[in-house]
Every structure is written in structure tokens, then in C-alpha cells.
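Hi,

Here is the structure I promised to pass on. Have a look at it first, and then read my notes below.

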Amino acid sequence: MQAWRVHRNGEPSEVMELEEADRPSPGPGQVLLEVRAANINFPDALLCRGQYQVRPPLPFTPGVEICGETEDGRRVLATPALPNGGFADYVVADEAALLPAPDALDDAEAAALHIGYQTGWFGLHRRAHLQAGETLLVHAAAGGVGSAAVQLGKAAGATVIGVVGGPDKAAIARGLGCDLVIDRHSEDIVAAVKEATAGRGADVVYDPVGGDAYAKSVKCIAFEGRVVVVGFASGTIPTPGLNHALVKNYSIVGLHWGLYNTKDPAAVRACHDELTKLAAQGVVKPLVSERLPMADAARGVQRVADGTSTGRIVVLPAGGAR
């Protein structure tokens with residue numbers, strides 16, 4: 001089979017190599033899956049760089065989520081067992097963690113429903129307790145993680161403000177349903193949020209960026225607001241001033257979705273059932289901006305690493321438009 005392999009850490013376009021490899025063999029409790037679609041996530045770039053919280057031994061295959069097919073023909077969502085990730089023709093995954101692919105979504109969309117939407121749902125509902133009528137501020141609203149949060153925020157009845165970088169991404173965020181879009185390249189985020197909320201600020205901030213995005217967020221957070229720390233795509237990890245959180249009376253909550261797989265797997269399945277219903281109703285639909293053949297996977301991972309992509313880029317190992 002074909003698989004992208006990383007033999008040394010560095011930029012994805014420089015260290016990912018497409019090679020012939022043996023099919024992985026399932027261990028106890030695992031199943032072999034044919035990969036129908038593999039979604040590209042920012043952690044794939046971090047894996048290539050050696051900067052992710054999990055560092056698989058070299059060489060490894062990146063690709064943290066897929067839509068695959070079991071040997072008995074079931075279409076499922078899975079997080080492949082590293083070091084044999086999803087940018088390959090076949091993977092192995094834990095059978096107990098497989099989730100049925102929603103019938104309402106094609107393979108590429110289904111692959112993109114898993115981690116990003118689970119992260120959004122747990123972040124907004126379990127960690128921030130977002131309520132209908134509240135104001136949600138989403139950073140990187142046109143990206144893969146942000147676009148999921150925008151759709152889930154609207155589904156929850158929130159007013160959604162999306163922050164993006166540039167007019168093209170602003171147009172995408174509006175199309176996703178944002179009530180207000182702020183272009184951080186040309187607008188003052190803090191002033192725009194305060195103006196839109198009559199000075200109150202955002203009740204919930206969804207931040208997969210960190211750095212300056214976090215710093216701006218806590219300047220326009222509402223009384224009893226909640227900042228959900230999802231990731232650090234900017235490359236800068238904030239150092240929160242707890243005195244500031246105390247004086248302004250807001251909460252900073254972290255979200256590591258992967259922990260739910262081991263700490264509360266029943267909650268993951270319940271979340272998937274809810275997401276499947278929302279997909280069937282057309283309320284959520286992953287924004288798949290590109291569908292790439294296997295040969296272009298490294299280029300796609302590099303675009304996500306550089307922050308130039310929108311929505312989700314998905315690799316189709318068979319090369320078809322599934």
C-alpha cells in the first residue's frame with residue numbers, strides 16, 4: 001500500500017515522503033480499515049514538526065482522523081493508532097472507539113465531522129455551557145476548528161462573532177452564518193466586539209489560536225464570561241494574568257478533547273449521536289474546501305501549517321471524489 005512517512009522532524013512539505021509500505025496488522029481489540037477519506041488537522045503539522053503533545057517514534061505516518069471502511073463493509077469514523085496514521089491506504093484503529101459515519105455526509109465531510117466538531121461541542125456545551133441568546137466570539141472562524149464552532153454556536157441559538165484574517169476568509173465566515181465578522185487585519189477586535197454588544201462583551205470566547213487572539217479576547221470578555229482554550233495555532237502560548245480574571249470575573253477553561261476518549265467514552269458517543277442528528281437536519285455540514293488525491297497530501301498539510309487554508313482539506317487515497 002501507499003503511505004506518507006516522516007523520517008525526520010521539520011516542515012510537512014520537506015519531511016513527508018510518499019512510500020510503499022506494508023499494511024499494518026491489527027492488535028488485540030483493533031480492526032483493519034481501508035481509508036476512504038483522511039481529514040487534515042493542525043496537529044498533523046505539529047506531528048511533522050515534532051511539536052505535538054504525542055511524539056510517535058520515527059518514521060511515522062501522520063493523519064489523526066479518517067472515514068474508513070471495515071472488512072465487512074461498514075463506513076466508520078476513526079482516529080488511527082499512531083505511528084500508523086491516516087495518510088495511507090489502510091490503517092488500524094481501536095474497534096471500541098469506532099463511530100458510524102453519518103449517512104447525510106459523504107466520506108470527506110464525514111472525516112471532517114469527527115475531531116473538530118467533537119471539540120466544538122464539548123468546548124461550547126460541556127466546558128463553557130453556552131446558552132441561547134449569549135454572544136459567542138470565535139477566532140479563526142473560517143478555519144477547520146473555527147468553522148465547526150460557528151455552526152455549533154448558531155445551532156445553540158447564540159449570536160456568533162467571527163474573527164478572521166483577510167477579506168476572502170471574511171466572506172467564508174459570513175457564509176457559515178456569523179452574525180458579525182471582524183477582519184483582524186483591518187479592524188480593532190476589542191472595539192468591534194464592545195460596539196456589537198453595547199459594551200457588555202462576549203459571553204463565550206472560543207480560541208484555537210492563542211497569542212494575540214487570547215490577549216484581545218480577555219479585553220472584551222463579558223461579566224461571568226468564559227474563555228475556552230482550544231489550541232495555539234499562532235505558535236504562542238498565552239500566560240494568563242489571574243489577577244485580571246479575578247478583577248473582571250471571568251473563567252478560563254481548557255479543553256483537551258482526547259481525554260474524553262479515555263475518561264468518558266460514553267460522552268463521546270452521545271456527542272456523536274447529537275452531531276449525527278444535526279447533520280441529518282442540515283444544521284451542521286463540514287466546510288470541505290479541497291479534496292486532494294493522495295499524491296498532494298504533503299502540500300495540503302503544509303497549507304494548514306501555514307494558516308492559508310479555509311475549512312477542511314481532505315485527502316482521498318483512492319483519488320476519487322467520494
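A term to start with: I call a residue buried when its relative accessible area is under 20%, exposed when it is over 50%, and partly exposed in between (1.4 Å probe, protein chains only). This is a predicted model, so local features need pLDDT of at least 70 and side-chain atom pairs count only at pLDDT 80 or more, while totals for chains, interfaces and linings use all residues. Residues are numbered from 1 along each chain as its sequence is written, and side-chain values use heavy atoms, with hydrogens and water left out.

Aromatics first. Tryptophan 121 and phenylalanine 122 are both buried. Rings of Phe, Tyr and Trp (its six-membered ring) pair if their centres lie within 6.5 Å; planes under 30 degrees apart are stacked, over 60 edge-to-face, and the rest tilted. That rule gives two aromatic pairs. Tryptophan 121 and phenylalanine 122 make an edge-to-face one, at 5.6 Å centre to centre with 80° between the planes. Ring pairs join Trp121, Phe122 and Tyr260 into a cluster.

Next, the salt bridges (a side-chain nitrogen of Lys or Arg within 4 Å of a carboxyl oxygen of Asp or Glu). The structure has 14 of them. Helices (H or I, at least four residues) and strands (E, at least two) are DSSP runs, numbered from the N terminus. Salt bridges with shared partners connect Arg36, Glu69, Arg75 and Asp107 in one network.

Now the strands, which pair if DSSP finds at least two bridges between them. E3 (residues 30–39) pairs with E4 in the antiparallel sense over five bridges, and valine 35 stands opposite glycine 68 in E4. On to E5 (residues 75–78): E4 pairs with it in the antiparallel sense too, over four bridges, with cysteine 67 opposite leucine 77. E4 and E5 form a hairpin with five residues between them, and glycine 73 in the turn has a positive phi of about 90°. Four of the five residues of E4 (residues 65–69) are buried, so the strand is largely enclosed by the rest of the structure.

How many of the 12 residues of helix H5 are buried? Nine are, so H5 is largely enclosed by the rest of the structure. Among them are Ala148, Val150 and Leu152. Lysine 154, also in H5, is partly exposed at 32%. Contact means heavy atoms within 4.5 Å; leaving aside neighbours within four places in sequence, lysine 154 is in contact with Val160, Gly177 and Asp179. Just after H5, glycine 157 takes a positive phi of about 90°.

Aspartate 183 is buried but has no salt bridge, and the nearest side chain of opposite charge, arginine 184, is 6.4 Å away. For charge, Lys and Arg count as positive and Asp and Glu as negative, with His and the chain ends not counted.

Cheers
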